[in-house]
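Thanks for coming. I will go through one structure this morning, and you can follow along on the screen.

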Amino acid sequence: MPWSRSTVHTACPLDCPDACSLAASVEGNRVVKIEGSRRNSVTRGFICAKVRRFGERVSHPQRLSHPALRTGPKGRGAFQRVDWRDAIETIARRIEDVRRDWGGEAILPFSYGGSNGLLTQDTTDRDLFRRLGASRLARTVCAAPTGAAHAAMYGKMPGVAYDDYLHARLIVIWGANPSISSIHLVPFIREAQRRGAKLVVVDPRRTQLARHADMHLAVRPGTDLPLALSIIRYLFETRHADEAFLAQHTTGADRLRAAATSWTFERAAHVCGVAAEQIAALAELYAATSPAVIRCGWGLERNRNGGHAVLSVLALPAVAGKFGVRGGGFTMSNSRAWPVDGERWAHAPEVPTRIVNMSQLGRALTDYQDPPIKLLFVYNCNPLATMPDQNRVLKGLLRDDLFTIVFDQVQTDTAAYADLVLPATTFLEHYDVARGYGAYSLQLVRPIIDTVGEARTNSEVFSELAENLGLRDEPPELEAETLLRVAGGLPEEIQGALLSDEVVTPPCGPAPVQFVDLHPPTADGKVHLFPEHLPSTAPGGLYAFQPDPATREFPLALISPATEKTISSTLGELRHDISRLLMHPTDADPRGITTDDAIRVFNQHGEVHCLVTISDAITPGTVSLPKGLWRHHVLGHSTGNALVPDQLSDLGGGACFNDARVQVAKIVSAALGDDSLALWVASGR
Ligand SMILES: Nc1nc2c(c(=O)[nH]1)N[C@H]1C(S)=C(S)[C@@H](COP(=O)(O)OP(=O)(O)OC[C@H]3O[C@@H](n4cnc5c(=O)[nH]c(N)nc54)[C@H](O)[C@@H]3O)O[C@H]1N2
Ligand SMILES: Nc1nc2c(c(=O)[nH]1)N[C@H]1C(S)=C(S)[C@@H](COP(=O)(O)OP(=O)(O)OC[C@H]3O[C@@H](n4cnc5c(=O)[nH]c(N)nc54)[C@H](O)[C@@H]3O)O[C@H]1N2
Ligand code: SF4
Ligand SMILES: [Mo]
């Protein structure tokens with residue numbers, strides 16, 4: 001008998017600001033279609049191509065379906081199936097040995113969890129690792145500089161809702177690429193333009209929106225700070241600063257003004273690589289137009305000046321007095337709209353153990369002593385693909401005396417180096433709570449098919465481990481119990497709506513106006529334009545600019561923006577095309593490089609082999625490789641993160657993915673044809 005098809009509602013928890021409502025068609029235990037649901041005013045019935053294909057991931061050949069122990073050398077990918085009981089037993093005994101011989105801090109839980117909602121990270125896992133006294137992880141690989149700046153200046157006050165972009169007369173997209181990374185914002189921007197709004201894009205690449213913009217400032221990566229400071233200087237000097245707002249709602253305006261004074265348009269232009277006239281035109285347009293909204297993205301945070309850059313960009317609406325009207329202000333992350341405090345559902349208190357910065361995983365695995373890391377537990381993360389200094393991470397993973405557990409949905413590049421792999425459920429097989437960080441929505445994610453093979457949920461696995469280790473008296477926590485524990489930690493009205501499957505809006509409403517419906521939840525309720533207690537590692541302190549580190553040897557700046565193909569590295573198993581470096585003709589010509597050539601991109605940290613596309617869509621002196629690559633997306637073994645140093649940003653200890661300096665050279669000319677490339681690849685490069 002053919003299976004009947006049913007449509008089930010759920011939500012997308014992947015690392016994307018939009019948190020779409022989904023309508024999935026299920027036949028038997030197969031997801032045959034995933035579409036956008038109209039239940040949500042932002043999703044409006046459409047979703048991205050990535051998640052439309054998520055059903056293929058569920059049953060992909062690389063999908064992990066049972067626990068397995070390594071049999072060959074690390075990295076070879078040879079594993080032998082074991083049952084869950086043996087797997088848990090193996091991990092528990094390893095943990096006991098490591099704790100006895102080296103202490104709890106020799107254990108490093110490694111998760112980022114961008115694509116995890118409130119249930120699948122920081123529940124039973126956190127309780128377990130706290131009880132073990134494991135090293136703590138600083139999750140800095142994304143949003144650490146923006147988070148530090150946004151918190152210190154505005155207490156993370158949420159921002160302008162997507163729908164309210166319709167009311168803006170000026171939209172500035174600064175270091176964000178919504179056409180790829182938050183597609184539901186784009187229709188509102190385009191509609192606002194049709195209604196007469198001006199659009200400005202600040203980005204080293206001519207993105208899709210930049211093509212449609214009134215102004216595109218193709219800045220050099222890492223130079224947003226001088227650009228924004230020069231506009232702030234102009235606002236103060238030309239009496240366009242909103243002195244009444246500054247006096248009533250801010251502190252530190254004088255010190256900000258002083259920090260901006262030396263940044264003339266000419267000086268900024270020289271550093272940013274754009275014309276002084278263009279900066280002046282943006283400053284005048286911004287001063288003159290209201291409502292004006294700035295969408296601050298994450299592209300500008302990922303470099304040595306990233307935290308200061310975000311401070312200076314977020315200061316603009318306060319200095320220019322852009323708040324208090326619908327469609328005016330800024331959008332950064334909106335996740336704080338929800339009164340969510342994970343400590344409310346924690347069962348174990350935090351213990352002040354060593355903190356390891358995840359952006360320096362390679363360093364931690366190869367250098368740290370007292371104690372060295374002896375057991376690495378990776379889940380909700382694919383560090384070999386996504387962390388800086390890939391070769392050092394690799395060196396660490398190859399250590400014979402390191403026991404690595406990788407708990408994932410698919411056989412990732414990291415999983416190949418595991419001693420033990422564990423199969424995880426996907427969001428189509430488990431519960432979660434998805435919170436938008438752009439869209440204002442909180443939704444229940446529900447299992448719509450049975451688990452694949454022996455895959456299990458995070459909450460169950462970590463609580464079973466705790467039980468095995470004698471760290472909990474009760475039987476392991478069931479997923480439903482974790483759901484109730486988390487829901488129980490939410491305010492009552494939210495809890496009720498969530499469990500009745502509504503698209504829940506936050507207490508500030510679905511479209512709050514900054515400084516009308518929302519005020520900075522800072523201690524004094526003010527905007528801190530010069531948050532002097534915020535620790536900055538830049539020589540010179542807050543708002544100091546650190547110059548371009550390019551050398552003659554490695555003159556090109558490398559950035560690695562998000563692509564439409566993956567969410568970070570997730571879904572990379574579905575893509576098999578060789579990735580391409582984007583390069584400007586001015587940089588390609590003297591190197592004799594043309595489109596489709598096989599090339600080497602290299603520096604003191606590593607070397608990537610891939611193809612190249614020559615185009616003027618990127619600013620000269622800058623090259624770009626996609627974020628989230630797997631090994632099978634390049635011609636060699638290393639991906640873009642092998643070129644990324646593990647230095648940290650000025651604020652928040654963030655990773656500097658957009659701050660590598662590289663050289664590029666041709667290896668095989670496209671003119672020689674595919675055979676010659678194949679020969680070169682076959683010869684082991
Ligand atoms: N399809 C897709 N969507 C995603 C993701 C994904 O991987 N794929 N990732 C999700 C995650 S984890 C995040 S954090 C968000 C990120 O969302 P975005 O911030 O939009 O993402 P990025 O692509 O990292 O960076 C945005 C833009 O910044 C530019 N840029 C790079 N360096 C600089 C700089 O120094 N200054 C300026 N002004 N611009 C710069 C890049 O060219 C890029 O166009 O997207 C989320 N959405
Ligand atoms: N070059 C470069 N690198 C970057 C960036 C960049 O801009 N450039 N951006 C950075 C950014 S913004 C981010 S957010 C990070 C993200 O980096 P990661 O945190 O590594 O994110 P993903 O690559 O999506 O890997 C998440 C993994 O978790 C698994 N997973 C998902 N749900 C579950 C679950 O419920 N249980 C278990 N056990 N596993 C699960 C997925 O299968 C996937 O393999 O990457 C960073 N890396
Ligand atoms: S990744 Fe983003 S756009 Fe795609 S379905 Fe999920 S929330 Fe929607
Ligand atoms: Mo991210």
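Let me begin at ligand 2, where a polar backbone atom of Asn-382 is 2.8 Å from an oxygen atom of the ligand. Please keep in mind throughout that this is a predicted model.

In the side chain of Arg-57, an N or O atom is 2.6 Å from an oxygen atom of the ligand. For Thr-386, the distance from a side-chain N or O atom to an oxygen atom of ligand 2 is 2.7 Å. How much of ligand 2 does the protein bury? On its own the ligand exposes 920 Å², and the protein buries 96% of that.

Next is ligand 1. Around this ligand there are 33 residues, with Ser-181, Asp-203, Asp-224, Trp-298 and Thr-566 the closest. Thr-566 uses its backbone here: one of its polar backbone atoms is 2.6 Å from a nitrogen atom of ligand 1. Gly-299 also contributes a backbone N or O atom, which lies 3.3 Å from a nitrogen atom of the ligand. The backbone of Gly-175 faces an oxygen atom of ligand 1 instead, with an N or O atom at 3.5 Å. Taken alone, ligand 1 exposes 920 Å², of which the protein buries 99%. The shell around ligand 1 is made up of 14 nonpolar, 12 polar and seven charged residues.

That leaves ligand 3. Where does ligand 3 sit? The answer is the second largest cavity. Its surrounding residues include Cys-12, Cys-16, Cys-20 and Cys-48. Also around ligand 3 are Asp-18, Ala-19, Ile-47, Val-51, Ile-183, His-184 and Ile-567. Sorted by class, this shell has nine nonpolar residues, one polar and one charged.

Strand β24 covers residues 607-614, and strand β22, residues 580-583, pairs with it in the parallel sense over four bridges. Within that pairing, Leu-581 stands opposite Val-612 of β24. Strand β24 has another partner, β23, at residues 598-602. How do β23 and β24 run, parallel or antiparallel? They run antiparallel, and five bridges join them. In this pair Ala-598 is opposite Leu-611 of β24. The two strands form a hairpin, with four residues between them. As a general point, side chains in a regular strand alternate between the two faces of the sheet.

Last, some backbone details in loops. The peptide bond from Ser-290 to Pro-291 is cis, with omega near -10°. Pro-291 belongs to the loop between α13, residues 276-288, and β12, residues 292-296. Another cis peptide bond runs from Asp-370 to Pro-371, again with omega near -10°. The loop holding Pro-371 lies between α15, at 361-367, and β15, at 375-379.

Which residue has a positive phi although it is not a glycine? That is Arg-239, at about 60°. Arg-239 is placed in the loop between α9, residues 224-237, and α10, residues 243-249.

That is the end of my tour. I am happy to go back to any part of it on the screen.

Definitions and conventions. Residues numbered from 1 in each chain as written. Chains lettered and ligands numbered in written order. Predicted model: local features only at pLDDT ≥ 70, side-chain atom pairs only at ≥ 80, totals over all residues. Heavy atoms only, no water. Near = heavy atom within 4 Å. 1 Å grid on protein atoms, 1.4 Å probe; cavity = no way out; pocket = protein on both sides within 12 Å on 5 of 7 lines; lining within 4 Å. Sits in = over half its atoms within 2 Å of the grid points. Nonpolar A, V, L, I, M, F, W, Y, C, P; charged D, E, K, R; others polar. Pairing = 2+ DSSP bridges. Polar contact = N/O pair within 3.5 Å; in protein donor to acceptor, adjacent residues only side chain to side chain. Areas by Shrake-Rupley, 256 points an atom, 1.4 Å probe, with all protein chains shown as cover.
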